[in-house]
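Subject: Structure handover and notes

Hello,

Please find the structure below. My notes on it follow.

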Amino acid sequence: MSYIADNVRAILAELPPGVELAAAVKTRTATEIAEAAAAGIRIAGENYVQEAEAHHAAVSADLKWHLIGHLQQNKVKKAVRLFDMIETLDSPSLARAIEHECAAIGKVMPVLIEVNSGREPQKSGVLPEHTETLAKEISQLPHLKLVGLMTMGTATGDARPAFRETRRLFETLQRLHLPHSDIRQLSMGMSNSYREAIEEGANLVRLGTLLFGERTE
């Protein structure tokens, strides 16, 4: 599967300085993930806690593991032990659940607020107008460290307006200087939109298909 290594190297060479690449590893095998890591991937993005658990056991590469899929509250206990960052925090109740489980193990979890900047009803994420309020609530939780925002963009059409809205919110949060926060990560853009996302300010992109090829399931 040398094409994976070739794809990873090509994308890494293309990305501007300061832009990180997360490999979206949903449905991928441990062998595929290991090959991507050997080619230079440092962040693995997981959609599901259960799949992440299996990958952790099977992949020995030195990776940072990010949760990039929706987190159900009944999976929080496992999630805080598995992940180095949760990119999809979207409610006060989920924030409190993460705080509780992190406090139990003495861990501070870096988190991103997921913003539904495209206002699509089928997607998770907090609406733009509620983002600042959620950020202020998170900043009161000592075992969470708010480090930025994430958005999925829009499923169809031009994603730029959603990316611009998310960047605007990102810059607003930076100016607030909230406690327990370091607003520096703007996670936007996938295989079909990462170039536009970078142009709109993303410094973390989440790519799957461009690295691994089309999923077969």
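Predicted model: local features only at pLDDT ≥ 70, side-chain atom pairs only at ≥ 80, totals over all residues.

Residues are numbered from 1 along each chain as its sequence is written, and side-chain values use heavy atoms, with hydrogens and water left out.

Helix 1

Helices (H or I, at least four residues) and strands (E, at least two) are DSSP runs, numbered from the N terminus. Helix 1 covers residues 2-14, and its 13 residues should span 18 Å at 1.5 Å a residue; the expected span is 1.5 Å times one less than the number of residues. The end C-alpha atoms are 19 Å apart, which agrees.

I4, A5, V8 and I11 are buried in this helix. Buried means under 20% relative accessible area, exposed over 50%, and partly exposed in between, with a 1.4 Å probe and protein chains only. Seen down the axis, the buried residues of helix 1 fall within an arc of 135°, so they line one face; the arc is that of the directions from the helix axis to the C-beta atoms. An α-helix has 3.6 residues a turn, so residues three or four places apart point the same way. On the other side of helix 1, S2 and A13 are exposed. The cover over the buried residues includes strand 1 (20-24), helix 2 (30-38) and strand 8 (204-207), where contact means heavy atoms within 4.5 Å.

T151

T151 sits in the loop between strand 6 (144-150) and helix 7 (160-176). With a relative accessible area of 0%, T151 is buried. Its side chain reaches the backbone oxygen of V115 at 2.8 Å and the backbone nitrogen of G153 at 3.2 Å. A polar contact is a pair of N or O atoms within 3.5 Å; within protein, one must be able to donate a hydrogen and the other to accept it, and residues adjacent in sequence count only if both atoms are side-chain atoms. Not counting residues up to four places away in sequence, T151 touches several residues, among them S117, F163 and R206.

A22 stands opposite R206.

The C-alpha atoms of G208 and A23 are separated by 5.7 Å, although the two are 185 residues apart along the chain.

Regards

Notes. Pairing = 2+ DSSP bridges.
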